[in-house]
Amino acid sequence: MSFINIFKSDARRRTTLFAGHVVPDSSRCVQCGICSYNCPIGIDVRAHAWRDEAINHSECLTCGECVARCPRGVLRFDRTDLFAKDAQ
Amino acid sequence: MRYAIIGTGAAGFASIEAIRSLDKSGEIFMLGDDPHGFYSRPGLAYFLTGELADKSLFPKTREDYARLNFTYQKARVTKINRAEKFLLLDGKTPLPYDKLLIATGASALPLTIPGANFQGVVKLDHLEDARGILSFAKRGKTAVVVGGGITALELTEGLLARGVKVHYLLRGDRYWSNVLDEHESRIVEARLQEEGVTLHFHSELTEVIGKGGKVGGVRLLNGKTIKCDILAYAIGIKPRAELAQDAELALDRGILVNEFLQTNDPDIYSAGDVAQVYDPITGRSVLDSLWSPARDQGRVAGLNMAGQRKSYIKSAPFNVTRLAGLTTTIIGAVGHGRDEDIVGIARGDSETWRQLPDAIVAQGGFDINRVRILVGEKILIGAVVMGDQTLSAPLQKIIAQKVDITSVRDKLLARDAKIADVIVDFWSKHAAVA
């Protein structure tokens, strides 16, 4: 994956809806909890960020509320191919 | 085996997770005088602005605590007896330990001017401080904020969000001058002014004026007075090292530890804001007051305490913060010299940022999207990314991994270089090869 793709955020978001997840960068996270506080489904996004794991919750809508509200840019949409990676 | 952790912050909690990953049966005690235990102290800024509720500041559930199987005890540790290896809790109860971690953090440097004890003089260390500020903000109409760095701005923004009129005092001629460059300072200042903040440069407090022990205003060195109901200060922090000092552990400005986070007593470790950590790469011992290094240090200390020899490798210091609503990432060494507003180190700060970089500065972007990079001989030494954060992840990696940028160095330093494009192009090729 090349980083130039970061600019294609709309396309990325659409792809993410099907094949991706919200992904944290835990080194940026201070566990403030704005993400979990604003999740409409009540997913504990912050706990995923602590473990540096993608939000692989089956009910995640990838609505982007947590991505937009995070004051430190911890969260992003990304195509993760979690299962493909696990298989490697 | 019994482990005692003094402190309830990120370093302390991370140490417990690390100990438990290796030692399933040892006893672990977490001891702290903060009545609220482990919560997100950086999150207090967003509690002040109203972006989250106070109960949301607590990251861990009852199940998390149960899974880690440790005893949390609200207690003030009043003495460390190294010879007999026990702690004294609240001056009376002894608690023996085999391995000890001191992760007591740092606290705000106190204001020492006359009237500093008046009601309405506030700081932002704890949840109780934040609650106090909110209750003053309900009654107060005008606040004076003093200090540089991140916390002073968080106080400013929190008070603004609560409808308080804010005067912001700076001793120098610009905001956070030892980390930001002049252009970046001016961006932040302009945005504060747009929000209605009145900035006072070259201003130094001499006295809090008040009646009946309550803040009524402040007097400045130039004789000017400002009427206010709240005085909020964030002039720097001080490692809470008193216990270690009493126990005669090696200290400089913080508790001195080696790369294994071990003090000069092999059974006592230290991590987080209180620890001054030896960096084997630069040979210096530095203070960081950042969440992520605190967590990493706590983890490494915990592993060592539980018997796994592991070095703490300091990565390029890095912090993301919001300055006047503008997301800003600071990576590596970017600043220089002293800041008149901050004594020593501030919260959310790393001393490494201020090591004089032997570098040439390249800048790009305008107004609210801006990137500044510090270009060394072969590598990038530091960067400040304001606004659009697209570049911050690649820059963080390029700087942390000391990626050789010789092939694009001239392009980066060319007049009117499109730095963002050069970096993205370079990184996409580099990442494709790597």
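Predicted model: local features only at pLDDT ≥ 70, side-chain atom pairs only at ≥ 80, totals over all residues.
In strand β12 of chain B, B:His200 is the bridge partner of B:Leu169.

**Where chain A meets chain B**

- On the side of chain A, 22 residues are in contact with chain B, and on the side of chain B, 36 residues are in contact with chain A.
- Between them the two chains bury about 2,500 Å², of which 58% lies on carbon and sulfur atoms.
- Zero salt bridges are counted between chain A and chain B, whereas the count of residue pairs in polar contact between them, with both residues at pLDDT 80 or more, is 14.
- Two helices of chain A, α2 (34–38) and α3 (45–51), each supply at least two residues of the side that touches chain B, and the largest share of that side, three residues, comes from α2 of chain A.
- Sorted by class, the side of chain A that touches chain B consists of 11 nonpolar, six polar and five charged residues.

**The make-up of chain A**

- Chain A contains five helices and two strands, which follow one another along the sequence in the pattern α-β-α-α-α-β-α.
- Of the 88 residues in chain A, 47% are buried.
- When contacts in chain A between residues at least 6 apart in sequence are considered, 66% of them join residues at least 24 apart.

**Two positive phi values in chain B**

- B:Leu261, a residue other than glycine, has a positive phi near 65 degrees, and its place is in the loop between β18 (255–257) and β19 (268–270) of chain B.
- Because its relative accessibility is 0%, B:Leu261 counts as buried.
- B:Asp416 is likewise not a glycine and has a positive phi of about 55 degrees; this residue lies in the loop between α10 (406–413) and α11 (419–433) of chain B.
- B:Asp416 counts as exposed, because its relative accessibility is 69%.

Definitions and conventions:
Residues numbered from 1 in each chain as written. Chains lettered and ligands numbered in written order. Heavy atoms only, no water. Contact = heavy atoms within 4.5 Å. Buried area = accessible area lost by both parts, 1.4 Å probe. Salt bridge = Lys/Arg side-chain N within 4 Å of Asp/Glu carboxyl O. Polar contact = N/O pair within 3.5 Å; in protein donor to acceptor, adjacent residues only side chain to side chain. Helix = DSSP H or I, 4+ residues; strand = E, 2+ residues; numbered from the N terminus. Nonpolar A, V, L, I, M, F, W, Y, C, P; charged D, E, K, R; others polar. Pairing = 2+ DSSP bridges. Buried < 20%, exposed > 50% of the residue type's maximum accessible area, 1.4 Å probe, protein only.
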